[in-house]
Amino acid sequence: MAYTAKNYDHLKGGAVKGLSDAQLDQHFTLYKGYITKLNEIEEKLGSVDNTKPNYSFNEYSELKRREAVAFNGSFLHELYFENLGGDAAVSSALASALDAQGGKDKLIADLKACALGGPGWAILTRNRRDGKLHTYFLAEHHIGLPVDQDLLVVLDSWEHAFMVDYGIARAKYLDAIVDAIKWSEVSKRFGK
Ligand SMILES: [Fe+2]
């Protein structure tokens, strides 16, 4: 199955406070590149010879090594774009889960601290093992994502997400982006 890039133009025109159209356009282009590569990798894997896998180099092995980069690169971006738009509609179930761990402000502060760790992703999840909310930092799309998680908030902390609008001021971008979280979408994810 070929994946199709989604259109997020509705986020432009000031819908995400703190992100300009120029910044979003750059990011949409980058996201579409991951979808293209994901389709390319899956197509090649459909016909490549898998009988001589190799640690140093083999086409099949290399495609397998990069498959999760393109997959997570595609869908982490979709989760990110879809949890932007800025509303405060936290469901009562999510509010209870946030309160049980010190409250929304405390968890958001921790999410920002994660994101300040460097280029990568900061995520708020529901860990299915202990049922609690957790924050995690992923240094790359395919490295550091713990298993058995429901991804609730996904924040892109790679420079390409903010350089146009904020230069190297990652903290200023993060201040703006946590205020632009669309809590109705987060609540929907939590309710699933
Ligand atoms: Fe990104």
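Is K6 buried, exposed or partly exposed? K6 is partly exposed, at a relative accessible area of 40%; buried means under 20%, exposed over 50%, and partly exposed in between (1.4 Å probe, protein chains only). This is a predicted model, where local features need pLDDT of at least 70, side-chain atom pairs count only at pLDDT 80 or more, and totals for chains, interfaces and linings use all residues. Residues are numbered from 1 along each chain as its sequence is written, and side-chain values use heavy atoms, without hydrogens and water.

**Salt bridges**

- The count is 15 salt bridges, each a side-chain nitrogen of Lys or Arg within 4 Å of a carboxyl oxygen of Asp or Glu.
- E78 pairs with K6 in a salt bridge, with the closest N and O atoms 3.7 Å apart.
- E78 sits in helix 2 (residues 59-82) and K6 in the segment before helix 1 (21-45), so the pair ties together parts 72 residues apart in sequence. Helices (H or I, at least four residues) and strands (E, at least two) are DSSP runs, numbered from the N terminus.
- E78 counts as buried, at 9% relative accessibility.
- R126 and D150 form a salt bridge (3.0 Å, N to O), and both residues are buried.
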